[in-house]
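Subject: Structure for you to look at

Hello,

Here is the structure I promised to pass on. Please open it first, then read my notes below.

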Amino acid sequence: MEITICVGSSCHLKGSRDVIKILERLITLHRLEDRITLKGSFCMGECSKKGVCVCVDSDRFNVAPLNAELFFNDVILKRIN
Ligand code: FES
C-alpha cells in the first residue's frame with residue numbers, strides 16, 4: 001500500500017510533519033514497514049480542505065495530527081487486513 005502525504009505549504013502549516021511522524025510510528029508499531037510505503041508530495045490542489053491531504057492508493061483523505069491515529073486505525077488497518 002502506498003500512502004502519499006502532502007507537504008505543500010498549506011498542508012505543512014496544518015501539520016503534515018506531525019501526521020508523517022504519527023503514521024511512521026504506527027506503521028513501525030504494527031510492523032507494517034514491508035507493506036506500507038510513505039511518500040511526500042507537493043500540493044495536491046486540496047488546500048482549502050481541513051487537515052492535511054493524504055492519498056491512500058488513489059483515494060484522498062484529509063487528516064489532522066489529532067485524528068491521524070484514528071485515520072490509521074479506521075482506514076489503513078482496515079484496508080491492509
Ligand atoms: S498544500 Fe497540500 S493540498 Fe495544497
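Predicted model: local features only at pLDDT ≥ 70, side-chain atom pairs only at ≥ 80, totals over all residues.

The buried residues of helix H3 are covered by elements that include E1, H2, E3 and E4. Which residues of H3 are buried? They are Ala-68, Phe-71, Phe-72, Val-75, Ile-76, Leu-77 and Ile-80. As a general point, an α-helix has 3.6 residues a turn, so residues three or four places apart point the same way.

H3 also matters for the count in the largest nonpolar core. That core has 25 residues. Val-54, Phe-71, Phe-72 and Ile-76 touch the most other members. Strand E1 (2-6), H2, strand E3 (52-56) and H3 each give two or more residues to this core. The largest share, 7 residues, comes from H3.

Val-54 is worth a click. Set aside its neighbours within four places in sequence. Val-54 is then in contact with Ile-3, Thr-4, Ile-5, Val-19, Asp-59, Arg-60, Phe-61, Val-63 and Phe-71. Phe-71 is one of the buried residues of H3.

Next, the helix pair. At what angle do H2 and H3 pack? The angle between H2 (residues 16-29) and H3 (residues 68-80) is about 45°, and their axes are 9 Å apart. The crossing of the two helices is right-handed. On the H2 side, the contact is made by Ile-22, Leu-23, Arg-25, Leu-26 and Ile-27. On the H3 side, Ala-68, Glu-69, Phe-71 and Phe-72 take part. By class, this contact has 7 nonpolar, no polar and 2 charged residues.

Ser-16 lies in helix H2. Is Ser-16 buried or exposed? Ser-16 has a relative accessible area of 1%, so it is buried. Not counting residues up to four places away in sequence, Ser-16 touches Ile-5, Cys-6, Val-7, Cys-11 and Val-52.

Cys-11 sits in helix H1 (residues 9-13). Cys-11 is buried too, because its relative accessible area is 3% and the cut-off is under 20%. Leaving aside neighbours within four places in sequence, Cys-11 is in contact with Cys-6, Ser-16, Gly-51, Val-52 and Cys-53. One distance to note: Cys-11 and Ser-48 are 37 residues apart in sequence, and 9.7 Å apart in space, C-alpha to C-alpha.

Last, two backbone angles. Most residues other than glycine have a negative phi. Arg-31 has a positive phi, near 50°. Where is Arg-31? Arg-31 lies in the loop between H2 and strand E2 (37-41). Its relative accessibility is 72%, so Arg-31 counts as exposed.

Asp-57 has a positive phi as well, near 50°. Asp-57 lies in the loop between E3 and strand E4 (59-63). At 46% relative accessibility, Asp-57 counts as partly exposed.

Best wishes

Methods: Residues numbered from 1 in each chain as written. Heavy atoms only, no water. Axes fitted to C-alpha atoms, helices over the stretch in contact; angles between N-to-C directions. Helix = DSSP H or I, 4+ residues; strand = E, 2+ residues; numbered from the N terminus. Left-handed = near helix turned anticlockwise from the far one by under 90°. Contact = heavy atoms within 4.5 Å. Nonpolar A, V, L, I, M, F, W, Y, C, P; charged D, E, K, R; others polar. Core = buried A, V, L, I, M, F, W, Y, C linked by side-chain atoms within 4.5 Å. Buried < 20%, exposed > 50% of the residue type's maximum accessible area, 1.4 Å probe, protein only.
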